[in-house]
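Dear colleague,

Please find below the sequence and the structure that I promised to pass on. My notes on what was found follow after it.

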Amino acid sequence: MADPRTRNGDVDPELSVRVRALSRQCGALGSHWDVALVQSLYDEAEQLADRAQSAGIIDLSEALLGLAAYLSSFVDDALRPNDDQLAQLRALSDAAGDALERYRAHIHVEVLGASVNEAPQTQPSVHYLGRNMAHLELLRQRCALLGYLVFSSDNVRDIEKAMAAGTVLVLVISTDMLADWLTLHRGEESGAATRVPITVLSDHDLLDVRLAAMRGGAEVVFVLPDDVDRIAPRLAGLIADRSEPYRVLIVDDDNSMRLFCASVLRHNNLDTRALATPEEAIQALHDFTPDVILADLYMPQISGFELLALFRAHPRTAFTPVVLLSGDSDTEKRFAALHIGGDDYLTKPIRPRHLVAAVTGRARRARWMRRELLAMR
């Protein structure tokens, strides 16, 4: 497939036009619901998702796949969506348009400031962003114990390219480059950076450093020299986490929402099991141990609150994070869900990147806690 950029670094005009047209047509479906048109839009969303995926525009591909998955439920069952489902459809179509604009803005900056002096790094390795040679030497010594090479750079763009190419096992940032990283990646919720574990090396345990690390997406701050012996096992754990997909159990009686969640998460490399009833969910625990559970708050026969209580009483899921889904924005219900042991509460319509961020963040934290508890035994 041809590169989707034009010579001036913009996205292929045909791709831009088709994505914008798809987003506009999906947003207007409420007033004139036509199953044949929905089928056509579903086909277009799938084609554009494949095209974006082949071109390496991952965020756009994910947004389009989420939209296609949602549309498919209405094509297959010939259902007409209710108001809440139409709102979800509009949110998904907006998300596709937003992903396109984010990518166009990103590559425009990349073209203006790209470095042409660095050779590409193609071998999967631990990457170091910094100028502190003492940090680099220590990191190489620790990674040698794991059998990993260390690639170093003091250019954020070089690191971003390596992330996009999938060659970064772990990114280690020295405090001398943390501000540069934070300028571009403050509070980032999507894209390649969230798929790569990030850590920070510091010579001082300072609140400002820990805050900057957190805002830049770092999971761990190593404070030297106290944490020298923690570096190798912690990096090994982070690499292992990325090699084994997070497992998500989805429980929702709404077929369209179930398909949407499963599609978005699967295309972000998560292992999902999507079920329609609480009975099926409890049965699934015999052969599927989730890192995170997504559960609808309102289901026939049993509520999400009751299901949450069942999960908390089950030995396999007593400490598993549970994210509740609801179309109800009632603050009291949100507090009630958190009070009885829920870990997060997402209000429908849900944007794909918000869903991915909530699930991966909880899964990452759950695995970290399990690892730390095992290390203390």
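**A loop with a cis peptide bond**

Pro225 is found in the loop between strand E5 (220–223) and helix H9 (228–243), where helices (H or I, at least four residues) and strands (E, at least two) are DSSP runs numbered from the N terminus. The peptide bond that leads from Leu224 to Pro225 is cis, with omega near 5 degrees.

Before going further, please bear in mind that this is a predicted model, in which local features need pLDDT of at least 70 and side-chain atom pairs count only at pLDDT 80 or more, while totals for chains, interfaces and linings use all residues. Residues are numbered from 1 along each chain as its sequence is written, and side-chain values use heavy atoms, with hydrogens and water left out.

**The chain as a whole**

The protein chain has 14 helices and ten strands, and of its 377 residues 49% count as buried, where buried means under 20% relative accessible area, exposed over 50% and partly exposed in between, with a 1.4 Å probe and protein chains only.

**The sheet**

Five strands form an open sheet with parallel pairing, in the order E7-E6-E8-E9-E10; two strands pair if DSSP finds at least two bridges between them. Strand E7 (271–275) and strand E10 (344–347) are the edge strands, each of them pairing on one side only. Neighbouring strands of this sheet are turned by 20 degrees against each other on average, direction ignored, with axes being lines fitted to C-alpha atoms (for helices over the stretch in contact) and angles running from 0 to 180 degrees between N-to-C directions.

Strand E8 is mostly covered, since five of its five residues are buried: Val292, Leu294 and Asp296 lie on one side, and Ile293 and Ala295 on the other. Four bridges join E6 to E8, and Val248 stands opposite Val292 in E8. Four bridges also join E8 to E9, where Asp296 has Leu325 of E9 as its bridge partner. Leu325 in turn has Leu346 of E10 as its bridge partner.

Helix H10 (residues 255–266) lies across E6, E7, E8 and E9, and runs at about 175 degrees to E7. In the loop between H10 and E7 sits Asn269, which has a positive phi of about 65 degrees although it is not a glycine; Asn269 is exposed, with a relative accessible area of 54%.

Helix H1 (residues 13–27) and helix H2 (residues 35–54) pack at an angle of about 145 degrees, with their axes 11 Å apart.

Leaving aside neighbours within four places in sequence, Leu60 is in contact with Leu15, Val19, Ala52, Ala96, Ala99 and Leu100.

With best regards

Key
Contact means heavy atoms within 4.5 Å.
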